[in-house]
Amino acid sequence: MISKIWRSAVLALFLLLPVAASAEEAGLRKAALAIETPGGERHVFQVEWAGTPAEREQGLMFRTELDADAGMIFDFGEARMVMMWMKNTPLSLDMLFIDEKGLVSRIAERTVPYSQDIIASPGPVRYVLEVNGGRSASLGIVPGSRVDVDAARVALK
């Protein structure tokens with residue numbers, strides 16, 4: 001009986017490993033993304049670009065690390081209401097909701113890992129940038145900050 005339970009546990013662990021590895025090795029396109037605060041300070045993040053429905057659905061799920069100047073940007077292709085959540089995400093994140101012109105309209109700071117609570121945009125947005133929880137405040141990034149999304153998109157081509 002114990003060997004049967006042990007085999008089941010090992011099999012379950014073996015089946016979960018490829019999911020976690022594929023999340024970290026997603027092979028998403030990467031680009032530099034600059035953010036300028038209302039005070040004129042500029043910071044550059046190296047971001048993974050999630051532009052397809054499958055990439056946006058996977059997001060940063062299962063990631064256990066994110067470099068201080070790294071993130072993921074979700075491109076919805078057009079301005080619309082957006083709803084995010086933290087399902088299967090062990091990291092606390094800041095979510096920056098960004099309109100089509102690159103203006104940050106809301107920051108959901110220090111989101112709760114694994115939460116299935118909905119985090120909604122304040123209105124139509126085209127992008128959501130996820131960075132480490134607390135990173136926005138430490139850099140002075142607030143609503144009204146400008147994100148140079150166009151330059152990052154051009155760099156991807």
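Which residue takes a positive phi in the hairpin of β1 and β2? Keep that in mind as you open the structure, which is a predicted model.

Select residues 29–36, strand β1, and then residues 42–50, strand β2. The two strands run antiparallel, with eight bridges joining them. Now go to the five residues between the strands, and you'll meet the answer: Gly40, with a positive phi near 95 degrees.

Click on Glu48 and look across to Met72, its bridge partner in β3.

**Stop three: His43.** Still in strand β2, select His43. Is His43 buried or exposed? Its relative accessible area is 18%, and buried means under 20%, so His43 counts as buried. Show side chains and you'll find a polar contact of 2.7 Å between His43 and Asp69. Leaving out residues up to four places away in sequence, His43 also touches others, including Leu33, Ile35, Arg135 and Leu139.

**Stop four: out to the surface.** Select Met83, Trp85 and Ile118 together. These three form a nonpolar patch on the surface, and their accessible area together is about 350 Å². Zoom in on Ile118, in the loop between β6 (104–108) and β7 (119–120). Ile118 has 52% relative accessibility, and the cut-off for exposed is over 50%, so Ile118 counts as exposed.

Definitions and conventions:
Residues numbered from 1 in each chain as written. Predicted model: local features only at pLDDT ≥ 70, side-chain atom pairs only at ≥ 80, totals over all residues. Heavy atoms only, no water. Pairing = 2+ DSSP bridges. Helix = DSSP H or I, 4+ residues; strand = E, 2+ residues; numbered from the N terminus. Patch = residues over 30% accessible without salt bridge, like charges linked within 9 Å, V, L, I, M, F, W, Y side chains within 5 Å. Areas by Shrake-Rupley, 256 points an atom, 1.4 Å probe, with all protein chains shown as cover. Salt bridge = Lys/Arg side-chain N within 4 Å of Asp/Glu carboxyl O. Buried < 20%, exposed > 50% of the residue type's maximum accessible area, 1.4 Å probe, protein only. Polar contact = N/O pair within 3.5 Å; in protein donor to acceptor, adjacent residues only side chain to side chain. Contact = heavy atoms within 4.5 Å.
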